[in-house]
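Please look over the sequence and the model shown below before reading on. The report then takes up a few local features, one heading at a time.

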Amino acid sequence: MNLNNKHKSVNSKSSYQGLARQSLGFFPTPLIELVNLSRALKGPRIFIKRDDQSGLAMGGNKTRKLEYLVADALQKGCDTLITGGAAQSNHCRQTAAATAQCGLHCHLVLGGKAPKHSDGNLLLDKLLGAQIHWSGSLRKGENIPEIAARLTAQGRRPYIIPYGGSNALGAIGFVTAFDELTVQAKAADVKFSNLIFASSSGGTHAGLVLGKLLSSDSINITGISIEKPENTNQPFAELIFDLIKTSAASIGVNIKIALSDIQLRDEFVGQGYGIVGKPEREAIAVLARTEGILLDPVYTARAMAGLIAMVKAGEFNQNENILFWHTGGAPALFPYADNILGKTD
Ligand SMILES: *Cc1c(COP(=O)(O)O)cnc(C)c1O
């Protein structure tokens, strides 16, 4: 058996067009058909890409971005990763796990204040050895530069990972993911007409669209917005558009794309980020009970609720193959237990 010691080794053989990639997860993630769900909805064939099974301390889509970001940090001789997010950030938890695996320090800047009880991702952040900074109303790592400066003054070499790992380099993780899907779809002899997933900081969306453009695929890629549009500084589609362009430029490729090519659906945001409503509760229950698959309350339940609504509205033909990309997040089920079971709200 080939046991590979991942500590501080940068594996540049499995790179995307020469970029270093630190192995952090188990890829390819499974591609599975949801036969029972398709039957229950009397809809088209629905498949799922299980990035919730990416393997990094309970998995998720951030693992793919981190493989590039961590390799970059190691190449630059950094010894500390800093990132930020919401208290139940899956990105922060996967970053903490990556630092543990690679012998780095981890500082997480989380929105809100320290709760009495650490549950879900926050519990895991602590188990994984991350140092946590509570940042009140700022939940997108706005005060990271200040913390980085303090660490530098203490002799550390910090590497800043942006909110959600969504920069030009992080997005490459999903260019590779698109290639991975292409190989699996070919092996399974299916052609997908539509890909649906939860889109929030833009890196997943940007990488998938760039991957599609680079492989001249015709699949429709639709992100389900998780956050109310008025809560973002820049229109979200523009942010994704810019990210696609900077990411393409960073790997030296020319692409043709218009802002109108970015497909985002924001009618499923309900009461806003992290607020579980009836559609999310129903989506969690239907996936759990028809397929034994766990969605998360913040992202994938909302995206699956969107997909189910689209199927019910007759947006797809019966002979289409639809792919749902499961981006992870199940650790947040536990702190949201009461909301999911409908005891509050
Ligand atoms: C971060 C996250 C997303 C959104 O991915 P982005 O690349 O930030 O748009 C979706 N689902 C889950 C579970 C996540 O943690």
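## Two packed helices

At what angle do helix α9 and helix α10 pack, and how far apart are their axes? In this predicted model, helix α9, which covers residues 278-291, packs against helix α10, residues 300-312, at an angle of about 85°, and the two axes are 8 Å apart. Because angles of 65 to 115 degrees count as roughly perpendicular, α9 and α10 are therefore described as roughly perpendicular to each other.

On the side of α9, the contact is made by Pro279, Glu280, Ala283, Ile284, Val286 and Leu287, while α10 contributes Ala301, Arg302, Met304, Ala305 and Ile308. Sorted by class, the contact of α9 with α10 holds nine nonpolar and two charged residues, with no polar ones.

## The surroundings of the ligand

The ligand is surrounded by 16 residues, and the closest of these are Lys62, Lys65, Ser201, Thr204 and Thr327. Of the 380 Å² of accessible area that the ligand has on its own, the protein covers 98%.

## Two details of the backbone

Phe27 and Pro28 are joined by a cis peptide bond, with omega at about 5°, and Pro28 has its place in the segment before β1 (31-33).

Lys42, in the loop between α1 (35-41) and β2 (45-50), has a phi near 50°, which is a positive value in a residue other than glycine.

Technical notes. Residues numbered from 1 in each chain as written. Predicted model: local features only at pLDDT ≥ 70, side-chain atom pairs only at ≥ 80, totals over all residues. Heavy atoms only, no water. Axes fitted to C-alpha atoms, helices over the stretch in contact; angles between N-to-C directions. Helix = DSSP H or I, 4+ residues; strand = E, 2+ residues; numbered from the N terminus. Parallel < 35°, antiparallel > 145°, perpendicular 65-115°, else oblique. Contact = heavy atoms within 4.5 Å. Nonpolar A, V, L, I, M, F, W, Y, C, P; charged D, E, K, R; others polar. Near = heavy atom within 4 Å. Areas by Shrake-Rupley, 256 points an atom, 1.4 Å probe, with all protein chains shown as cover.
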